[in-house]
Amino acid sequence: MAQNIYDNPDFFAGYSQLPRQVHGLDGAPEWPAIRAMLPDVSGRRVADLGCGFGWASRWFREQGAASVAGYDLSHNMIERARADTSDPAIDYRIADLEVLDLPEAAFDLVYSALAFHYVGDFDRLIRMIHRALVPGGDLVFTIEHPIFMAAAHPHWTLDEDGRKTWPVNGYSIEGERRTDWFAKGVLKHHRTLATTLNTLIGAGFALRRIEEFVPTAAQIAEMPALAEELERPMMMLVAAQKA
């Protein structure tokens, strides 16, 4: 079973105050880049893995998706998603992505935002998603970038010139990483970029597009703190298609 950190009261209280949770998709700087990678969802059946508060699930319906099934391990998340949603075509369910088994050929699009790095058995997850998609179906997901999460102690340091520097160590040593973020001992699973992409290819996916999120000049002008994202990639965006 995956670590259910989102039901930790301290974690959930801090996480709920993030701009992306207060303002929804408009509070996520990477959302325009993700949106550009998504296929037309009109009339499609969508699975939203790690659906959180349901922001993306509701957006898919607004864009004409026939139905959305949102899955999340956190009772807190699912309760909030259900409270904020009045659409009978959206079905939220509590589920652990480590063991989730979606019906075969049941979806046209599987989407996930910042959830897969909490899953230990990535190969099983991706093969399950491949089976759950119809031929030609799409998988679009975001994860923490392997460079961002590789270090044992990920945080900014200053180099000899006083420039912010992000440590990259232990990159080739895949496996568990524990960090303190709103709560102590948050468990994530580091995989190299090659492992991530080769797992998709090995499961039968064709890669459509890969993005390493970088804020635009306009975004930085509006929110100067985003400038530090130019120093290292925090997030990787992936679009793939079932061959």
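How much space lies in the largest cavity? About 50 Å³. Keep in mind that this is a predicted model.

**Stop 1: the cavity**

A search of the whole structure finds 1 cavity of 30 Å³ or more. Now colour by element. Strand E5 (133-144) and helix H7 (146-149) each give two or more residues to this lining. Next, colour by class. The lining of the largest cavity has 4 nonpolar, 4 polar and 2 charged residues.

**Stop 2: a pocket**

Move to the second largest pocket. About 200 Å³ of space lies there. Its lining has 12 residues. Select Asp26, Gly27, Ala28, Pro29 and Gln219, which lie nearest the centre of the pocket. Then show helix H3 (31-37) and helix H9 (217-222), the elements that give two or more residues to this lining. Colour by class again. In the lining of the second largest pocket, 8 residues are nonpolar, 2 are polar and 2 are charged.

**Stop 3: helix H4**

Select residues 55-62, which form helix H4. Which residues of H4 are buried? They are Ala56, Ser57, Arg58, Trp59 and Phe60. Show their side chains, then look around them. Two helices are among the packing partners of these buried residues: H3, seen at the last stop, and H5 (75-83). The strands they pack against are E1 (45-49), E2 (67-72), E3 (90-94) and E4 (107-113).

Gly64 follows H4. The phi of Gly64 is positive, near 105°.

Notes: Residues are numbered from 1 along each chain as its sequence is written. This is a predicted model: local features need pLDDT of at least 70, side-chain atom pairs count only at pLDDT 80 or more; totals for chains, interfaces and linings use all residues. Side-chain values use heavy atoms; hydrogens and water are left out. On a 1 Å grid over the protein atoms alone, a cavity is a set of points where a 1.4 Å probe fits but cannot get out, and a pocket is an open set with protein on both sides within 12 Å along at least five of seven lines; lining residues have an atom within 4 Å of a point. Grid points are joined across faces, edges and corners, and a volume is the space filled by probe spheres set on the points. Helices (H or I, at least four residues) and strands (E, at least two) are DSSP runs, numbered from the N terminus. Ala, Val, Leu, Ile, Met, Phe, Trp, Tyr, Cys and Pro count as nonpolar, Asp, Glu, Lys and Arg as charged, and the others, Gly among them, as polar. Buried means under 20% relative accessible area, exposed over 50%, partly exposed in between (1.4 Å probe, protein chains only). Contact means heavy atoms within 4.5 Å.
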